[in-house]
Amino acid sequence: MLEKYKVSEDQGVRVRPEDMRWTTERLLEALGMPVEGAGRTADVLIYADLRGVDTHGVSNLLRFYLGGLTSGAINPTPDWKIVRDNKATCLIDGDRGHGMVVSPVAMQEAIERASRFGVGAVSAVNCGHLGPCSYYAEMPLERDMLGLATTTGGLGMVPTFGSKALLGLNAMAFAAPAGKHPPFVYDGSPSVVAANRIFLARRLGQTILPGWIADEHGTPILEEAEIPESYMMLPLGSTREGGSQKGYALSVMSEVLTTVLTATGAGPRRRSDSVHHFVAWDIAGFCDPADFKTDLDQYLTDLLECPPAPGADRVLYSGWPEAQTAVERAERGIPYHPEVIDWFRQTTAEHGVEWRLT
């Protein structure tokens with residue numbers, strides 16, 4: 001994340017990860033989620049916060065999830081079922097459960113099928129938001145597998161040349177295990193930035209950068225500006241001249257792998273809550289995993305040692321800075337905006353949860 005959109009060192013309130021995890025679990029349990037489901041949800045949220053993916057951690061997402069549990073939009077005790085089964089693939093009905101409860105089950109099912117068939121692919125329908133896709137893409141790594149996860153994400157993005165938000169911010173993540181280096185982990189929306197980044201910018205009183213969003217008529221805003229009341233997200237590339245048709249196509253590709261593949265409509269015609277798709281590939285079906293890691297390590301070393309361009313500090317790769325951030329935040333605590341701490345103070349008091357965050 002760009003520095004201007006992070007909580008500043010002098011403003012942030014550092015909280016020990018274990019205290020935030022405990023508090024998150026207790027709040028979810030207070031609203032009817034069983035211990036196992038609350039633990040899975042907290043795992044995903046703290047994973048995001050430790051890696052510096054603040055858009056998908058407790059500060060942005062937990063309040064929405066608690067609202068969904070309160071209103072009944074999220075089923076705290078889903079009776080999920082496999083409703084279509086075919087060797088390496090299956091379809092899970094999540095029974096309106098929380099995405100962070102059902103999705104780990106779905107990826108674990110993909111992993112088990114990959115161990116039997118070389119590849120496993122599982123879709124989950126009728127369940128909620130799953131948070132950062134990279135959490136699930138990384139799950140197969142400890143079994144020497146590659147992981148991919150993708151999901152539908154609202155309808156907040158315009159197609160290239162379009163004036164109506166018909167595209168989902170359909171994030172996709174891919175992860176590959178290395179040996180001496182942190183794994184390669186890509187996780188991104190097909191939009192220029194995640195929609196939650198706009199919420200963070202607003203919380204921090206920051207402007208948005210050129211090419212992030214379009215105005216209410218679909219015209220790309222190509223200069224730094226205040227966040228307008230009404231806006232739509234732009235695909236990667238921002239404009240056709242910048243290659244926005246690629247981000248546009250990535251959103252459609254994810255839509256095909258999720259909603260279209262499960263016959264639940266697509267885009268504005270979706271007939272299911274969030275739909276997710278998970279894939280695991282067993283590396284041993286293609287080569288010796290040790291050889292894979294040796295080659296990937298060497299490639300990642302080449303990337304890290306690439307001479308930087310003038311004015312740049314160094315070359316990184318997807319997953320490397322997040323791994324470094326996780327080490328630093330595990331030691332020093334996770335920095336949260338004071339508004340987030342205030343929200344937790346009020347919410348824990350409302351639900352009778354002990355205060356442990358400061």
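This is a predicted model: local features need pLDDT of at least 70, side-chain atom pairs count only at pLDDT 80 or more; totals for chains, interfaces and linings use all residues.

Visitor: Why does Glu112 count as partly exposed?
Guide: Glu112 has 33% relative accessibility. That falls between the 20% and 50% limits, so the label is partly exposed.

Visitor: What makes Arg143 and Glu112 a salt bridge?
Guide: A salt bridge needs a side-chain nitrogen of Lys or Arg within 4 Å of a carboxyl oxygen of Asp or Glu. For Arg143 and Glu112 the N to O distance is 3.1 Å, so the pair qualifies. Arg143 lies in the loop between H5 and S5, and Glu112 in helix H4 (residues 99-117), so the bridge ties together parts that are 31 residues apart in sequence. Helices (H or I, at least four residues) and strands (E, at least two) are DSSP runs, numbered from the N terminus.

Visitor: How many salt bridges does a search of the whole structure find?
Guide: The search turns up 20. One of them joins Arg332 and Glu9 at 2.8 Å, N to O. Arg332 sits in helix H9 (residues 320-332) and Glu9 in the segment before strand S1 (13-15), so this pair ties together parts that are 323 residues apart in sequence. Glu9 also forms a salt bridge with Arg14, at 3.2 Å between the closest N and O atoms. Glu9, Arg14, Glu328 and Arg332 are linked in a network of salt bridges.

Visitor: Why is Glu9 called exposed?
Guide: Glu9 has 52% relative accessibility, and the label needs over 50%, so exposed it is.

Visitor: Why is the pair of Tyr47 and Tyr135 called edge-to-face?
Guide: Rings of Phe, Tyr and Trp (its six-membered ring) pair if their centres lie within 6.5 Å; planes under 30 degrees apart count as stacked, over 60 as edge-to-face and the rest as tilted. The centres of the Tyr47 and Tyr135 rings are 5.4 Å apart and their planes are at 85°, so the pair is edge-to-face. Tyr47 is in helix H2 (residues 35-50) and Tyr135 in helix H5 (residues 133-138), 88 residues apart. Tyr47, Tyr135, Tyr136 and Phe278 form one aromatic cluster.

Visitor: How do you know that Tyr135 is buried?
Guide: Tyr135 has a relative accessible area of 18%. The limit is under 20%, so Tyr135 is buried.

Visitor: What makes the charged end of Arg356 count as sitting over the ring of Trp22?
Guide: The rule asks for NZ of Lys or CZ of Arg within 6 Å of the ring centre and within 35 degrees of the ring normal. The charged end of Arg356 is 3.7 Å from the centre of the Trp22 ring and sits over that ring.

Visitor: What makes the side chains of Asn170 and Glu255 a polar contact?
Guide: A polar contact is a pair of N or O atoms within 3.5 Å; within protein, one must be able to donate a hydrogen and the other to accept it, and residues adjacent in sequence count only if both atoms are side-chain atoms. The contact between Asn170 and Glu255 comes in at 2.9 Å. Asn170 is buried, with a relative accessible area of 2%.

Notes
Residues are numbered from 1 along each chain as its sequence is written. Side-chain values use heavy atoms; hydrogens and water are left out. Buried means under 20% relative accessible area, exposed over 50%, partly exposed in between (1.4 Å probe, protein chains only).
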